[in-house]
Amino acid sequence: MGKKYRDPLSLRVNWKYRTILIVDDVVPNYEIIKVALEPTSAKIEHAKTGLEGIRKALENKKIDVVLMDINLPGISGVEAARELRLLKPDVVIIGQSAFIVSATRQECFEAGMDDFFIKPISSAELIAMIRLSLIKRNKRI
């Protein structure tokens, strides 16, 4: 018999020590992602623009994961991620969008995003994606 592997989508996490910033100008989208993250017990913060997201991530030292919408008013999520990566290089940044094309995908990675997802996403998939991004950045899971 070979090794048994657990399905990464079935893993339970307790992130009560973690703060996740959701940057999204569409409040219903923010609410959906917030509910998806409830099983983690993480503290959730919200910003409606890229500039507000950068400011909050820099002011709150406990924010270690940022879920950045790509299409934001003012500066784009890609530009905000690029700035944030320079100013806070250890933060996990995951892009999110309702629409994404291959050019945008490449831009996300070039801006320093760790991963991205297309909305909607299941709670289990989102948690697994964040967990994998934390592992890649050598952060406690």
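**View 1. Strand E1 (residues 19-23) between its two neighbours, E2 and E3.** E1 and strand E3 (residues 63-69) pair in the parallel sense over five bridges, where pairing requires that DSSP finds at least two bridges between two strands, and Met 68 in E3 is the bridge partner of Val 23. The model is predicted, so that local features need pLDDT of at least 70 and side-chain atom pairs count only at pLDDT 80 or more, whereas totals for chains, interfaces and linings use all residues. Residues are numbered from 1 along each chain as its sequence is written, and side-chain values use heavy atoms, with hydrogens and water left out. E1 also pairs with strand E2 (residues 43-47), in the parallel sense and over five bridges, with Thr 19 opposite Lys 43. From E1 the chain crosses through helix H1 (residues 27-37) to E2, and this β-α-β crossover is right-handed, that is, the path from the first strand over the helix to the second runs clockwise when the strands point away from the viewer. Helices (H or I, at least four residues) and strands (E, at least two) are DSSP runs, numbered from the N terminus.

View 2. Five of the five residues of E1 are buried, so the strand is largely enclosed by the rest of the structure; buried means under 20% relative accessible area, exposed over 50%, and partly exposed in between (1.4 Å probe, protein chains only). In a regular strand the side chains alternate between the two faces of the sheet.

**View 3. The largest nonpolar core, around Ile 20.** A nonpolar core is a set of buried Ala, Val, Leu, Ile, Met, Phe, Trp, Tyr and Cys residues joined through side-chain atoms within 4.5 Å. Of the 21 residues in the largest one, Trp 15, Ile 20, Leu 37, Leu 67, Leu 126 and Ile 130 touch the most other members. E1, H1, E3, strand E4 (92-97) and helix H5 (123-136) each supply at least two residues of this core, and the largest share, five residues, comes from H5. Leaving aside neighbours within four places in sequence, the contacts of Ile 20 (heavy atoms within 4.5 Å) include Trp 15, Leu 37, Leu 67 and Ile 130.

**View 4. Glu 45 in strand E2.** Glu 45 is buried, with a relative accessible area of 18%. Not counting residues up to four places away in sequence, Glu 45 touches Thr 19, Ile 20, Leu 21, Ile 22, Tyr 30, Asn 60 and Ile 63. Lys 62 is 17 residues from Glu 45 in sequence, and 11 Å from Glu 45 in space, C-alpha to C-alpha.

**View 5. Backbone details at Ser 41, Pro 120 and Asn 138.** Most residues other than glycine have a negative phi, and most peptide bonds are trans. Ser 41, in the loop between H1 and E2, has a positive phi of about 65° and is partly exposed, with a relative accessible area of 44%. Asn 138, in the segment after H5, has a phi near 60° and counts as exposed at 74% relative accessibility. The peptide bond from Lys 119 to Pro 120 is cis, with omega near 0°, and Pro 120 is found in the loop between strand E5 (115-118) and H5.
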